[in-house]
There are 2 protein chains.
Amino acid sequence: MTKKIKRNGKTDGTPTRVQDPEGTRRDILEVASKEFALNGLSGARIDEIAARTKSSKRMIYYYFGGKEGLYLRALENAYRMVREGEAKLDTEGMAPVDALKRLVEFTFDHHHQHEEFIRMVMIENIHHGQYLDRSEAIRDLNVTAIDHIARIYQRGVASGVFRRGLDPVELHWQISALCFFNVSNRRTFSKIFGRDFGSAEALDRLRRNAVDMVLRFVSRRDALQND
Amino acid sequence: MTKKIKRNGKTDGTPTRVQDPEGTRRDILEVASKEFALNGLSGARIDEIAARTKSSKRMIYYYFGGKEGLYLRALENAYRMVREGEAKLDTEGMAPVDALKRLVEFTFDHHHQHEEFIRMVMIENIHHGQYLDRSEAIRDLNVTAIDHIARIYQRGVASGVFRRGLDPVELHWQISALCFFNVSNRRTFSKIFGRDFGSAEALDRLRRNAVDMVLRFVSRRDALQND
DNA sequence: GCGACATTGTACGAAACAGTTAGTTTAGTC
DNA sequence: GACTAAACTAACTGTTTCGTACAATGTCGC
């Protein structure tokens with residue numbers, strides 16, 4: 001429990017150190033990601049992160065240079081993981097309306113499942129995006145999300161169910177807004193309005209609202225089905 | 001420049017202290033609000049706040065008890081100021097569609113003009129709303145926003161232009177999401193998509209999108225005007 | 001003009017904190 | 001098995017930062 005010494009396979013009982021650079025790196029990054037997401041950049045404590053690690057504080061400086069370097073890697077890590085998850089969605093064979101519906105639902109659920117990512121983005125925005133500036137890695141994560149939405153939109157316009165003149169990036173912006181806010185502001189919103197917006201029923205309603213809202217926004221009037 | 005001693009009206013030159021509890025309080029709170037909004041709770045420094053004040057660190061502890069007490073008051077202050085601003089909107093005489101349009105536009109602009117408030121809400125959400133919990137003052141700020149939107153919605157339903165079955169609180173949630181996100185996530189969004197979402201043109205487009213989106217969401221199909 | 005309480009200034013203490021120094025151990029190479 | 005670069009440990013340093021002790025001054029009722 002208290003000892004963190006990694007042992008090798010020796011049978012003579014002498015506690016020898018086993019070297020595992022990649023493992024140590026990953027371990028530190030995982031712990032740091034949680035701590036930063038929970039407490040923010042200035043709120044997180046290097047000593048605390050080190051203590052939760054299988055490794056030590058010195059190793060943080062060895063591998064990441066310092067607190068800010070570690071935070072930057074944690075931020076990059078959060079973006080990378082979420083982008084990887086997004087890539088799994090495939091709507092290619094679906095009708096445009098169904099595809100867009102699926103996309104919104106997926107985004108809603110995905111954001112909801114990755115609160116740690118949402119919190120990192122919030123924290124980074126609090127810091128005016130200055131660390132994102134320094135990261136080539138994040139800029140290089142080519143934004144497939146836009147391609148995806150653009151293709152669905154084009155198909156919808158071509159088949160006459162979506163109206164013309166909309167901007168895929170703005171569409172993505174709106175979908176993000178509806179899905180992000182639910183996670184980012186749930187706490188204060190729930191408290192002020194005395195309702196739990198994290199309950200299964202509430203989430204279900206909000207999710208349907210989001211889908212409805214986006215579909216009504218892009219659809220041509222005569223393509224709307226209800227009301 | 002360097003001396004912060006407040007002097008009274010005496011002519012003999014002796015530097016005597018002038019007491020001004022309310023002024024001191026307000027001064028501290030104003031400075032603290034800026035610092036907390038800029039740096040967050042853990043990022044803000046009591047010494048820094050004290051230095052920017054006309055007063056001293058001692059006074060912060062005298063009036064606010066400590067860092068957390070000061071933060072709580074700053075949070076309450078932010079909510080109060082914004083709520084007061086919201087109360088100025090009057091849509092009573094307007095047609096429901098125009099009223100709702102006005103409400104969304106107003107919310108969009110209002111959020112945009114009060115970035116400090118947005119940041120405080122983000123920061124409070126990072127802290128899981130735990131300070132909001134402790135504040136009766138904020139809970140007591142009865143949420144007139146809901147009344148306002150509920151009245152517009154009811155009028156719209158009554159006159160047949162809005163569809164039935166929508167929840168005013170959820171409507172408020174959606175409007176908030178669209179308007180909040182624009183301020184809260186502008187930095188990261190702009191950076192990742194290589195576009196300035198803070199430019200006048202971008203804001204204008206996003207604003208119109210938000211209005212359009214809400215109106216299309218609440219309107220009955222046959223009441224939609226274009227496309 | 002005095003007693004009681006409210007307000008303010010100065011200086012300091014203790015703990016928390018990021019970062020470093022000085023070394024040891026391991027794994028692979030020749 | 002000697003050597004070396006990479007991986008790792010333990011203990012330490014200097015500063016920052018929150019918070020406080022104590023004293024001094026102002027205000028107001030009487």
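In this predicted model, His128(B) is partly exposed, because 15 other C-beta atoms lie within 10 Å of its own, and a residue counts as buried only with 20 or more and as exposed with 12 or fewer. The residue is placed in the loop between H6 and H7 of chain B. Its backbone has a positive phi of about 60°, although His128(B) is not a glycine. The counterpart in chain A, His128(A), occupies the loop between helix H6 (115–126) and helix H7 (130–134) of that chain. His128(A) has 14 C-beta neighbours inside 10 Å and therefore counts as partly exposed. A positive phi of about 60° is found at His128(A) as well, again in a residue that is not a glycine.

Chain A contains twelve helices and zero strands. Along the sequence the elements follow the pattern α-α-α-α-α-α-α-α-α-α-α-α. Of the 227 residues in chain A, 37% are buried. When contacts in chain A between residues at least 6 apart in sequence are considered, 66% of them join residues at least 24 apart.

Two positions in chain A illustrate buried sites. Ala37(A) belongs to helix H1 (residues 21–39) of chain A. With 23 other C-beta atoms within 10 Å, Ala37(A) is buried. Apart from residues up to four places away in sequence, Ala37(A) touches Glu116(A), Arg119(A) and Met120(A). Between the C-alpha atoms of Ala37(A) and Tyr71(A), which are 34 residues apart along the chain, the separation is 9.6 Å.

Phe197(A) is located in a loop, the one between helix H11 (186–193) and H12 of chain A. This residue counts as buried because it has 21 C-beta neighbours inside 10 Å, the threshold being 20 or more. Its contacts, not counting residues up to four places away in sequence, are with Arg186(A), Phe189(A), Ser190(A), Ala202(A) and Leu206(A). Val169(A) is 28 residues from Phe197(A) along the chain, and the C-alpha atoms of the two are separated by 28 Å.

Within chain A, helix H9 (residues 144–158) packs against helix H10 (residues 168–184) at an angle of about 110°, and the axes are 9 Å apart. H9(A) is therefore roughly perpendicular to H10(A). On the side of H9(A), the contact involves Ala145(A), Ile146(A), Ile149(A), Ala150(A) and Tyr153(A), while H10(A) contributes Pro168(A), Val169(A), Leu171(A) and His172(A). Eight of the residues in this contact are nonpolar, one is polar and none is charged.

The two chains meet through 45 residues of chain B and 45 residues of chain A. On the chain B side, at least two residues each come from helix H1 (21–43), helix H6 (115–126), helix H7 (130–134), helix H10 (168–184), helix H11 (186–193) and helix H12 (200–218). H10(B) gives the most to this side, with ten residues. The side of chain B that touches chain A comprises 19 nonpolar, twelve polar and 14 charged residues.

One packing between the chains pairs helix H12 (residues 200–218) of chain A with H12(B), at an angle of about 105° and with the axes 8 Å apart. This angle makes H12(A) roughly perpendicular to H12(B). H12(A) takes part through Asp212(A), Met213(A), Arg216(A) and Phe217(A), and H12(B) through Asp212(B), Met213(B), Arg216(B) and Phe217(B). By class, the residues of this contact are four nonpolar, no polar and four charged.

The largest nonpolar core holds 113 residues, among which Val214(A) and Val214(B) touch the most other members. Beyond its neighbours within four places in sequence, Val214(B) is in contact with Leu100(B), Val104(B), Gln174(B) and Ile175(B).

Key: Residues are numbered from 1 along each chain as its sequence is written. Chains are lettered from A and ligands numbered from 1 in the order in which they are written. This is a predicted model: local features need pLDDT of at least 70, side-chain atom pairs count only at pLDDT 80 or more; totals for chains, interfaces and linings use all residues. Two residues are in contact if their C-beta atoms, placed from the backbone, lie within 7 Å. Helices (H or I, at least four residues) and strands (E, at least two) are DSSP runs, numbered from the N terminus. Ala, Val, Leu, Ile, Met, Phe, Trp, Tyr, Cys and Pro count as nonpolar, Asp, Glu, Lys and Arg as charged, and the others, Gly among them, as polar. A nonpolar core is a set of buried Ala, Val, Leu, Ile, Met, Phe, Trp, Tyr and Cys residues joined through C-beta atoms within 7 Å. Axes are lines fitted to C-alpha atoms, for helices over the stretch in contact, and angles run from 0 to 180 degrees between N-to-C directions. Angles under 35 degrees count as roughly parallel, over 145 as roughly antiparallel, 65 to 115 as roughly perpendicular and the rest as oblique.
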